[in-house]
Amino acid sequence: MIKQCDNVIVQSVSRFLTPFILLFALYVIAHGHYSPGGGFQGGCILGASFILSMIAYDIAEVKRRMTEKMNTVLTGVGVLIYAGIGFICLLLGANYLDYGVLAEILPVGTAKARALGTFGIEIGVGITVMAVMVSIFLNLASGGEHEEGSVE
Amino acid sequence: MTTTLSILSAVLMIVGAFFFFTASIGMLRFPDFYTRMHAAGKGDTLGAFLMLSGMALYNLHAGFTLVAFLVSVKIMLIAFFIFIANPTACHAITKAALDAGVAPWTMKEGKK
């Protein structure tokens, strides 16, 4: 369905915009506590930068940089970060995802430990959402074949 | 100083609203897809740029502090990216329509 696109305007602009999209995604993830945004929204923007490259260039071109294996591993790593922080809290004797207790192993106070714990969770959510978005788009756009993106 | 900034931002916003208005009229009145894209692409891009510039200036009118300056810089970044992305999106949509075989509008024979 997605054919090789040879439009130089779209390709140049997407190449120029991609770093700024990534930077904005990191901003949205990091500012999740204070402003609208957070892990899910930032992860969606991260995934959108990959999807933009896939639309502007070719699915095969992007898959050389973000392989299927890498994508699957990142999906798991995000969940691992989320669940890992929760289980560290369990191991320290508090409830699941009760970040305040992280102050015992981090050199900061309880309030700061809560902020850092939330931030870690947001990073995990962001990584997983990015990988899942890319994988959903890959499967839908290529009809499940994952080859070049052209199924005609 | 404050009055000058307010007047300048008001002028920018009014001119931006004028461009949005012309883009809307173009969307409603033009005969086919390509001419409507032409109206929407140009009018919206310039309108959004002028509107956001006016907002960035108005944000500074209460006092020139670091926080207000940073907010203005962020608004100008949004304006900059709209200025780049909007014409590109317009171009991509129009090219897709051309590839899909949408026929351009032409004047009918014998009609003024």
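How much area is buried between chain A and chain B, and what share of that area do carbon and sulfur atoms give? The buried area is about 680 Å². Carbon and sulfur atoms give 79% of that area. The model is predicted.

**The interface**

Chain A brings 8 residues to the contact, and chain B brings 9 residues. On the side of chain A that touches chain B, 7 residues are nonpolar and 1 is polar. Polar contacts do occur: 2 residue pairs across the interface of chain A and chain B meet the rule, both at pLDDT 80 or more.

**Chain A**

Chain A holds 5 helices and 0 strands. Read from the N terminus, its elements run α-α-α-α-α. The C-alpha trace of chain A spans about 55 × 30 × 20 Å along its principal axes. Of the 152 residues in chain A, 39% are buried. Now take the contacts in chain A with a separation of 6 or more: 61% of them join residues 24 or more positions apart.

**Two areas**

| Surface | Area | Share from carbon and sulfur atoms |
|---|---|---|
| Buried between chain A and chain B | about 680 Å² | 79% |

Terms used: Residues numbered from 1 in each chain as written. Chains lettered and ligands numbered in written order. Predicted model: local features only at pLDDT ≥ 70, side-chain atom pairs only at ≥ 80, totals over all residues. Heavy atoms only, no water. Contact = heavy atoms within 4.5 Å. Buried area = accessible area lost by both parts, 1.4 Å probe. Polar contact = N/O pair within 3.5 Å; in protein donor to acceptor, adjacent residues only side chain to side chain. Nonpolar A, V, L, I, M, F, W, Y, C, P; charged D, E, K, R; others polar. Helix = DSSP H or I, 4+ residues; strand = E, 2+ residues; numbered from the N terminus. Buried < 20%, exposed > 50% of the residue type's maximum accessible area, 1.4 Å probe, protein only.
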